[in-house]
Structures are given as C-alpha cells and as structure tokens.
Amino acid sequence: MSFSCILVPIDFSDDSLTAYQTALDLFVSPQRTLILLHAVDNRVDDLAQDQGGGKALEERRRQLASLGNRRKAEWKDVVTLIEGGKPIDLIISTAKQMAVDLIVMGPGTSTGLVKGLFGSTTYDVARRVKCSVMISKPDASRA
C-alpha cells in the first residue's frame with residue numbers, strides 16, 4: 001500500500017510526539033506530504049485555561065512550525081494547521097479535505113475495555129475515517 005499524504009494529529013503529548021517520530025522514521029519521502037494538525041478544543045477552551053491565552057497560542061504555533069521544519073526538505077510538502085473545534089471532528093474533516101491516505105496517532109488514554117486499548121479519540125477516529133490509521137506506541141526500550 002502506498003501513502004502519499006500522511007496526517008499526524010499533534011497535541012504535544014508524549015503519544016503524539018511518538019506518532020510524529022514514527023511518521024518521520026517510516027514514511028519520510030520526497031513523494032509524500034506530511035500534515036501536522038493541532039486541534040484547539042473549543043469545548044474546554046484549552047488555550048483560555050493557559051495563562052496568557054494569546055501567548056499560549058503563539059507558543060503552540062511556534063512549536064508546531066518547529067516540528068514541521070524538521071527534515072522538511074525530505075518531504076514533498078509539510079503543512080502545519082492549528083484549528084479550533086472538537087479534535088475528533090477536526091481530524092476526520094482534515095483527513096477528508098486533504099485526501100489523507102494515512103493517519104499516524106498515539107494510543108491515547110481512556111477508560112473502558114476497547115477504548116482503553118487505544119484511547120477514545122484514537123478509537124473514534126479509526127472507526128470513522130476511510131483511510132488507514134496507524135497507532136504508534138512508544139518504544140518501551142527507550143523508557
């Protein structure tokens with residue numbers, strides 16, 4: 001299976017950064033596009049909870065741009081997006097709008113038997129998208 005457009009949702013957690021590293025390690029190619037998406041969850045207004053709201057958003061933009069610039073020359077294109085809304089919906093709509101072939105995500109955390117294996121966001125995205133989803137787990141030997 002060939003992937004030409006890869007989406008990595010980034011929330012700056014260890015899981016999402018591991019997924020980002022997995023995308024770099026396994027899929028970097030001058031024929032592929034990498035999309036890094038940071039979702040600002042408007043339901044909990046996570047930026048407003050940070051002290052200095054606007055500064056927090058600028059810091060996230062800077063961090064996302066920094067990730068996007070790593071090994072940028074090795075990709076066909078690197079796109080960084082910060083969008084407001086429900087993360088699950090943003091990941092799904094971005095995948096559809098940008099014709100994503102593969103989403104690389106961390107397992108996340110949650111409760112419940114099935115969702116406990118993958119995390120509620122990861123599970124819901126994998127269930128609802130038409131493209132492939134790779135769940136990237138941290139390397140236990142690095143811990």
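I count a contact when heavy atoms lie within 4.5 Å. With that set, I looked up Thr22: leaving aside neighbours within four places in sequence, Thr22 is in contact with Phe27, Val104, Met134 and Ser136. Thr22 sits in helix 1; helices here are DSSP runs of H or I with at least four residues, strands are E runs of at least two, and both are numbered from the N terminus. Why do I log Thr22 as buried? Because its relative accessibility is 14%, and buried means under 20% relative accessible area, exposed over 50%, partly exposed in between (1.4 Å probe, protein chains only).

A note on the source: this is a predicted model, where local features need pLDDT of at least 70, side-chain atom pairs count only at pLDDT 80 or more, and totals for chains, interfaces and linings use all residues. Residues are numbered from 1 along each chain as its sequence is written, and side-chain values use heavy atoms, with hydrogens and water left out.

Confidence next. pLDDT is the predictor's confidence in each residue, from 0 to 100; the protein's mean is 85, and 81% of its residues reach 70 or more. I found the lowest element mean, 43, in helix 5 (residues 113-118), and the highest, 97, in strand 1. Over residues 109-118 pLDDT is below 50, yet I see 17 contacts for this stretch beyond near neighbours in sequence.

Overall layout: I get six helices and five strands, running β-α-β-α-α-β-α-β-α-α-β from the N terminus. Of the 143 residues, 42% are buried.

Then the cores. I take a nonpolar core as a set of buried Ala, Val, Leu, Ile, Met, Phe, Trp, Tyr and Cys residues joined through side-chain atoms within 4.5 Å. The largest has 19 residues, and Ile6, Val8, Tyr20, Leu34, Leu36 and Val104 touch the most other members. Helix 1 gives the most to this core, with five residues. I also checked Leu36: not counting residues up to four places away in sequence, its partners include Val8, Tyr20, Leu64 and Leu81.
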